Amino acid sequence: MKRFLFFLSLIIFSIVIITAQETDLFDWDIDFIFEQNLSDIVVFEDENNTQSVLASIRRRGISFDFSYQFQGGVAPGWSESPWFFDGNEIFTWKPGIRMKSSVTIDAQISEVFRVLSVINTTVPDSNLFSLGDFFFDYNVLNTVFIRAGKYEHSWGISPNFGFANLLSRIPEGDPGGDSYVFKADIPIGIGGFQAVALTRIDSMNDMPDLSDIGFGCKYNLALRFVDFDLGIFYMENMATRGFLSIKTTLFETEIYNEWLAAVNTHSNNEFSFAANIGFLKELFNRKILINGEVFFNGEGNTYWYRKETEIKDAEPSLFMDGFNIALNLLYRHGGRGNPRFFVHMLYAPIQETMQLVPGFRLTPLQHIDFYMAVPMALGNQTGYYYTNTADPFNRPFSVVMLISLKGNLQTSFN
């Protein structure tokens, strides 16, 4: 009981001191939650909107985007959380530096054919040059819009537990990899139909078998007050899954609700399901933003592929059994430096572990960002969030400071 009260008081103390704040710097910037559209849905609202989209596609020419990023930081931390110190903990002082540049070439070959490619240079890295997104778009008679190549595509709404993003799922034990996708969109009235084929086998070095390719489709219906997304995805070595996503706005609060049904067609035809409900609320002219979500996972231990971020490598991640809770708070102070304070929390009651990341971001000068965050793991020392932490070196407690210098230059020829 005393330990539980200690954890509770620590959480309250962090939230009071930080006020309302930003998120796990290592997996995603909290702006990913609060400034993106909550859904990757392509909406074709009316004929005029469709025509304006077609007009933009028809512009011919080539554009170049040169971007750069230099990062330097330091992360002192411990092998045990301070409240578990017993004299045997290990302290490490981890400096870090990273430089990355990318060249994006976006070529509109004709009115119906477009190609985009991204080449990245990263130091230090075992591969100095790497291929980022590389795909083409093709318009078939203004009726079918095709995109195919190497890029990430997602379904679903949740910014915390992407269980409805069936395109990120991988079989247990599969390390995953970059996705190679063929996608066809067909606008239908106030919605649209989408068909997808996807593989995560490195097709540059190894041609995938049919069993390595997943196939799916989804239908979107965008009504005036509510959006619906309904889809299904099949891959030979995984359960066949279908999902339903619903998004609406009530009392100036965005509400989303998702459902998933899974059938293990490759084994015993066992049925399972998962569901969530979440909200996004803006207060005081977007100075304070709150995102909360409750997710129930009835599938058991299932895996998804977490793509590479600025600090963490790509890796398989686990959806934990039972109930999971997420809370994200952001406070934009405004004024000089545009300071933003944040708190990101993930809690798994069945494992009695929590990930808590308070921190802030400051932009003192143009192109310069300063981050400071305190990723910590609370609760059971054998629980998932204690052994899989937000810290870039997987320590349960650390203080991370990072300076990032970044910018881009664009030019085009028509």
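**Surface patch and salt bridges**

Phenylalanine 70 is partly exposed, at a relative accessible area of 39%. Keep in mind that this is a predicted model. The residue sits in strand β1.

Phe70 also belongs to a nonpolar patch on the surface.

Which elements give two or more residues to it? They are β1, spanning 61–78, β3, spanning 113–123, and β4, spanning 129–140. The largest share comes from β4, with three residues.

Why does Phe70 count as partly exposed? Because its 39% falls between the cut-offs of 20% for buried and 50% for exposed.

Now the charges. Side chains of opposite charge can pair when their charged atoms come close. How many salt bridges does the structure hold? There are 13. I will take three of them, then a network.

First pair: aspartate 229 and lysine 218. Their side chains meet in a salt bridge at 3.2 Å, N to O. This pair links distant parts of the chain. Aspartate 229 is in strand β10, residues 226–234. Lysine 218 is in strand β9, residues 213–222. Buried or exposed? Aspartate 229 is buried, at 3% relative accessibility. Lysine 218 is buried too, with a relative accessible area of 5%.

Aspartate 369 lies in strand β20, residues 368–373, and lysine 406 in strand β23, residues 400–413, so the pair ties together parts that are 37 residues apart in sequence. Aspartate 369 is buried, with a relative accessible area of 8%. Lysine 406, at 30% relative accessibility, is partly exposed.

Arginine 395 is buried, at a relative accessible area of 6%. Aspartate 391 counts as buried as well, at 1% relative accessibility.

To recap: the nonpolar patch takes its largest share from β4, and the structure holds 13 salt bridges.

How values were computed
Residues are numbered from 1 along each chain as its sequence is written. This is a predicted model: local features need pLDDT of at least 70, side-chain atom pairs count only at pLDDT 80 or more; totals for chains, interfaces and linings use all residues. Side-chain values use heavy atoms; hydrogens and water are left out. Patches are made of residues with over 30% relative accessible area and no salt bridge: like charges are joined within 9 Å, nonpolar side chains (Val, Leu, Ile, Met, Phe, Trp, Tyr) within 5 Å. Accessible areas come from the Shrake-Rupley method with a 1.4 Å probe; for residues, only the protein chains shown count as cover. A salt bridge is a side-chain nitrogen of Lys or Arg within 4 Å of a carboxyl oxygen of Asp or Glu. Helices (H or I, at least four residues) and strands (E, at least two) are DSSP runs, numbered from the N terminus. Buried means under 20% relative accessible area, exposed over 50%, partly exposed in between (1.4 Å probe, protein chains only).
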